[in-house]
Amino acid sequence: MTITCFIRYEIDPFGKEDFETYARNWGEAIPRCGAELIGYFAPHEGSATTAYGVYSIGSLAEYEAYRARLTADPLGRENYRFAREKRFILKEDRIFLKLASAPHGERIAP
């Protein structure tokens, strides 16, 4: 059973560019360390302080091994340091969810 991690970030509204750099770095490191990255999403319209990161992994056990690899990864370590130094992340909440709506029907374009 695949689980999906949704991370909700509260960011400094003046730190959006730093968050986007952080997101691009995870775009390299997360897949390399074994998770399926769906994406990082920065504010565009509406709230200037809410951002998301979303990725999937096979199980919570696989998640633990993935986190160890991410912590040991040079870009992963640098990205954690970058976030601590710049302090653009004010709050971070993560939740693990499983897909409940599958199988999906065929998409029909209007």
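This is a predicted model: local features need pLDDT of at least 70, side-chain atom pairs count only at pLDDT 80 or more; totals for chains, interfaces and linings use all residues.
Which residues does Thr 4 touch, not counting residues up to four places away in sequence?

View 1. Not counting residues up to four places away in sequence, Thr 4 touches Ile 38, Val 54, Tyr 55, Ser 56, Ile 95, Phe 96 and Leu 97. A polar contact of 2.8 Å links the side chain of Thr 4 to the side chain of Ser 56. Thr 4 counts as buried because its relative accessibility is 15%, and buried means under 20%.

**View 2. Strand 3 and its pairing with strand 1 and strand 2.** Strand 3 spans residues 50-57 and is mostly covered, with seven of its eight residues buried. Strand 1 and strand 3 run antiparallel and are joined by eight bridges; within this pairing, Tyr 9 has Ala 51 of strand 3 as its bridge partner. Strand 2, residues 36-41, also pairs with strand 3 in the antiparallel sense, over five bridges. The bridge partner of Tyr 40 in strand 3 is Gly 53.

**View 3. The largest pocket and its lining.** The largest pocket holds about 200 Å³ of space and is lined by 18 residues. Two or more lining residues come from each of strand 1 (3-11), helix 1 (16-32), helix 2 (60-72), helix 3 (74-86) and strand 4 (89-97). Tyr 9, Tyr 22, Tyr 80, Ile 89 and Glu 92 are the lining residues that lie nearest the centre of the pocket. By class, the lining comprises 13 nonpolar and five charged residues, with no polar residues.

Notes:
Residues are numbered from 1 along each chain as its sequence is written. Side-chain values use heavy atoms; hydrogens and water are left out. On a 1 Å grid over the protein atoms alone, a cavity is a set of points where a 1.4 Å probe fits but cannot get out, and a pocket is an open set with protein on both sides within 12 Å along at least five of seven lines; lining residues have an atom within 4 Å of a point. Grid points are joined across faces, edges and corners, and a volume is the space filled by probe spheres set on the points. Helices (H or I, at least four residues) and strands (E, at least two) are DSSP runs, numbered from the N terminus. Ala, Val, Leu, Ile, Met, Phe, Trp, Tyr, Cys and Pro count as nonpolar, Asp, Glu, Lys and Arg as charged, and the others, Gly among them, as polar. Buried means under 20% relative accessible area, exposed over 50%, partly exposed in between (1.4 Å probe, protein chains only). Two strands pair if DSSP finds at least two bridges between them. A polar contact is a pair of N or O atoms within 3.5 Å; within protein, one must be able to donate a hydrogen and the other to accept it, and residues adjacent in sequence count only if both atoms are side-chain atoms. Contact means heavy atoms within 4.5 Å.
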